[in-house]
Amino acid sequence: MKSLNENFYSVVSLKSEELYKRFARHKMSYEMMLKNSFPLPDKDDPDKIVLSENVFSQAANQPTQICRCGKTLNVLEDNWYIDEGGCNYHLGKMIFTGPERGVYSCCKTCSRGCAFNEHHVISRRPFDSRNFRRPEDTKTEKNNQAANIFSIDCEMAFTTKGLEVVKVSLTSVGGDVIFDSYVQPNNDILDYNTAFSGVREENLRGVAITLREVQNRLLQLLNKNSILVGHGVENDLRALNIVHENVIDTSCVFPHERGSHLKHSLKYLAEVYLQKVIHDGFNGHDSVEDAQTCMELMLWKIYSETRSFKTNPMVIKTVSTGHSSNYVLMPQIPTELAPPPAFFIPSFAFINVTMVQPVIPFLVPTMSITSNFNPRMPQQQWWPRNM
Ligand SMILES: [Zn+2]
Ligand SMILES: [Zn+2]
């Protein structure tokens, strides 16, 4: 059997400016960002940062907060988190097994919490409009624009002030790690949230880098035109105290079938569209993997728009090759899609995204897309040559 490379049908050069344009079509509007509780510059007074008041943000500002164990806490009291009995809670979500009966996904029971932490916690994120910063309005060369597409993910831990960033990862469109750092939060940690954050006490031991320093680094790497991809990016930006309006959120690009009040998890989208398993069990997330997964979802999305999706659905498989990342497009029918039509055409395509020598402050990717189609089928070109 011939390899994909040997059997390639056509090679299409993908200029970075073209890729940037493709991504830019998925950017969130100001209204959509406001609705999703992103920190934004006020339309009348751009120096002022606003955060739309939704149920979440209103609840987060209340002095009375409910811990994940169900206990009501008055966070204005000193040492509100201390409890002799500690905090017994469930890591999983309630799954309803009948009209009024449910069990937790973590332990398949509905009894007392199966996980324990010494302190109670609150999941609000403090919002202080005075501390927000934003990337500057510097220009990017047109032939370097794909290097101005990034994916971001943060991991958070519970501190005495709520959820704070403890790890930040920024990856390139090719999947390379541009920035990856632990962060020492400003307040004392009550729970490392390891089951979700993947961050342990030993990871932060001796870490001196502060949120302010992370902001400085991110603001060196990003400019006003940088496209930032992520999943539920409002949480990352709010926790980072960064305002940015060029955002693509995979939770909005791949909307929930039952309305915008619901959002698919990144884990779910990765399984359906990329056939990739992430967040397996309660062993913690990996912010690099999550950032890369968001970018792979967007490459999948952009790929799917370039050809008749219904006649030829595809799934991206990631193949790690050290410094570069290869996205292999395989014929696959995501379970969420309509049944395949009778004239489903099997084919293969191969995207190779290779990163070359870094040029400060951005990496310059050279990209080529090699597609491989079934030779029995009429000639097809899945990416237009003259975009
Ligand atoms: Zn449980
Ligand atoms: Zn609790």
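Mentor: Two ground rules to start: residues are numbered from 1 along each chain as its sequence is written, and chains are lettered from A and ligands numbered from 1 in the order in which they are written. The model is predicted, so local features need pLDDT of at least 70 and side-chain atom pairs count only at pLDDT 80 or more, while totals for chains, interfaces and linings use all residues.

Trainee: Thanks! What makes S37 count as buried?

Mentor: A residue is buried if 20 or more other C-beta atoms lie within 10 Å of its own, exposed if 12 or fewer, and partly exposed in between, with C-beta atoms placed from the backbone. S37 has 22 such atoms within 10 Å, so S37 is buried. In the whole chain of 387 residues, buried residues make up 36%.

Trainee: Why is residues 149-159 called a strand, β10?

Mentor: Helices (H or I, at least four residues) and strands (E, at least two) are DSSP runs, numbered from the N terminus. The chain comes to 10 helices and 19 strands. In β10, 11 of its 11 residues are buried. I149, S151, D153, E155, A157 and T159 point one way from β10, whereas F150, I152, C154, M156 and F158 point the other way.

Trainee: How do you know that β10 and β14 pair?

Mentor: Two strands pair if DSSP finds at least two bridges between them. β10 and β14 (residues 227-230) have three bridges, in the parallel sense, so they meet that definition. Here S151 stands opposite V229.

Trainee: Which strand forms a hairpin with β10?

Mentor: That is β11, with two residues between the strands of the hairpin. β10 and β11 (residues 162-172) pair in the antiparallel sense over 10 bridges, and A157 has E164 as its bridge partner in β11. β13 (residues 189-191) also runs antiparallel to β10, joined by two bridges.

Trainee: What makes a set of residues a nonpolar core?

Mentor: The set must be buried Ala, Val, Leu, Ile, Met, Phe, Trp, Tyr and Cys residues joined through C-beta atoms within 7 Å. The largest one has 65 residues, of which I149, F150, V165, V229, L297 and M298 touch the most other members. Helix α10 (residues 287-305) gives the most to this core, with eight residues.

Trainee: What does V165 touch?

Mentor: Two residues are in contact if their C-beta atoms, placed from the backbone, lie within 7 Å. Not counting residues up to four places away in sequence, V165 touches C154, M156, V183, P185, L211, A239 and L240.

Trainee: Why are the buried residues of α1 said to be on the same side?

Mentor: In α1 (residues 16-24), S16, L19, Y20, R22 and F23 are buried. They cover an arc of only 160° around the axis, which puts them on the same side of α1; the arc is that of the directions from the helix axis to the C-beta atoms.
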